[in-house]
Amino acid sequence: MEYIGASVTTIIETAGIFAPLVFIALHLVRPLLFLPVIFLCITGGVLFGVVPAIIYSLVGMTMSSLIFYKMTEKMPSTMHRFVRMKQKLLGKHSHFTTSQIAVLRLIPFIHFHLLSLCILELSKQLKDYMRASFVSNIPLAVIYTSIGQSITNFSPVMTGSMVIGALPVVYFMRRKEIYISWQDFFQPNETKKDVA
């Protein structure tokens, strides 16, 4: 990871006037390189400054979300794999609001596109999905770009405290209703054999 991080920084620094485009492109190929979104936001803050890096990160993350949306349309098997992973990790009936997803995006170990799937389930059409994706990406871009250098110096205790502190926020911002399908509520009984 350290080698990849150094390579990414070198590539962006040597790109000259094309550095912002290279940085946005790195957001798009990030899943293939197994780079965390947070790493790119922090790197952008160090290389470009806070305001430009926030803009570049928002553009890159929103375009990455659009690519995810298009991939789920073209490759339904990938979509089903993400749905199974979401059900295994978060449960069958977990539905989040956009503000909850924005807070969950701040937690480093939660998969970016798993949360994009949660947004996809909330959205009726592409316009709704893109709006919710953009809004949920703003806190991630702003916070990790702004405090990029200082967050790398946090101790594990401090990081753990931040994660634990974010959990009550997610709980209180939850959706208040629960949807249970008819089949889940009334499980079909096994066929009974006639007793002669």
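Helices are runs of at least four residues assigned H or I by DSSP, and they are numbered from the N terminus. The structure treated in these exercises is a predicted model.

**Exercise 1. Determine in which helix L114 is found, whether L114 is buried or exposed, and which residues L114 touches.**

Solution. 
Step 1. L114 is found in helix α7.
Step 2. A residue is buried when its relative accessible area is under 20%. L114 has a relative accessibility of 4%, so L114 counts as buried.
Step 3. Neighbours within four places in sequence are set aside; the contacts of L114 are then F82, M85, K86 and L89.
Step 4. For M85, the separation from L114 is 29 residues in sequence, while the C-alpha atoms of the two are 8.1 Å apart in space.

**Exercise 2. Explain why α7 is described as largely enclosed by the rest of the structure.**

Solution. 
Step 1. The buried residues in α7 are F112, H113, L114, L115, S116, L117, C118, I119 and L120.
Step 2. These are nine of the 11 residues of α7, and therefore the helix is largely enclosed by the rest of the structure.
Step 3. The partners against which the buried residues of α7 pack are α2, α3, α4, α5 (76–90), α6 and α8.

**Exercise 3. Show how F23, F48 and Y56 come to form one aromatic cluster.**

Solution. 
Step 1. The count of aromatic pairs comes to three.
Step 2. Planes over 60 degrees apart count as edge-to-face. The ring planes of F23 and F48 stand at 70°, with centres 5.4 Å apart, so this pair is edge-to-face.
Step 3. F23 belongs to helix α2 (residues 19–33) and F48 to helix α3 (residues 37–48), so the pair ties together parts 25 residues apart in sequence.
Step 4. F48 also pairs edge-to-face with Y56, at 5.1 Å centre to centre and 85° between the planes.
Step 5. F48 takes part in both pairs, and F23, F48 and Y56 form one aromatic cluster.
Step 6. F23 is buried at a relative accessible area of 0%, whereas Y56 is partly exposed at 22%.

**Exercise 4. State where the kink in α2 lies, and compare the span of α2 with that of a straight helix.**

Solution. 
Step 1. α2 has 15 residues, for which a straight helix would reach 21 Å at 1.5 Å a residue.
Step 2. The end C-alpha atoms of α2 are only 18 Å apart, which is short of that value.
Step 3. The helix has a kink of about 45° at H27, shortly before the proline P31.
Step 4. H27 is among the buried residues of α2, as are F23 and R30.
Step 5. H27 and F23 are also among the contacts of S57, with C41, A141 and T145, when neighbours within four places in sequence are left aside.
Step 6. S57 lies in helix α4 (residues 50–74) and is buried, at 0% relative accessibility.
Step 7. Just after α2, F34 has a positive phi of about 55°.

Notes: Residues numbered from 1 in each chain as written. Predicted model: local features only at pLDDT ≥ 70, side-chain atom pairs only at ≥ 80, totals over all residues. Heavy atoms only, no water. Helix = DSSP H or I, 4+ residues; strand = E, 2+ residues; numbered from the N terminus. Buried < 20%, exposed > 50% of the residue type's maximum accessible area, 1.4 Å probe, protein only. Contact = heavy atoms within 4.5 Å. Phe/Tyr/Trp six-rings, centres within 6.5 Å; stacked < 30°, edge-to-face > 60°. Expected span 1.5 Å × (residues − 1). Bend = angle between axes of the 7 residues up to and from the residue.
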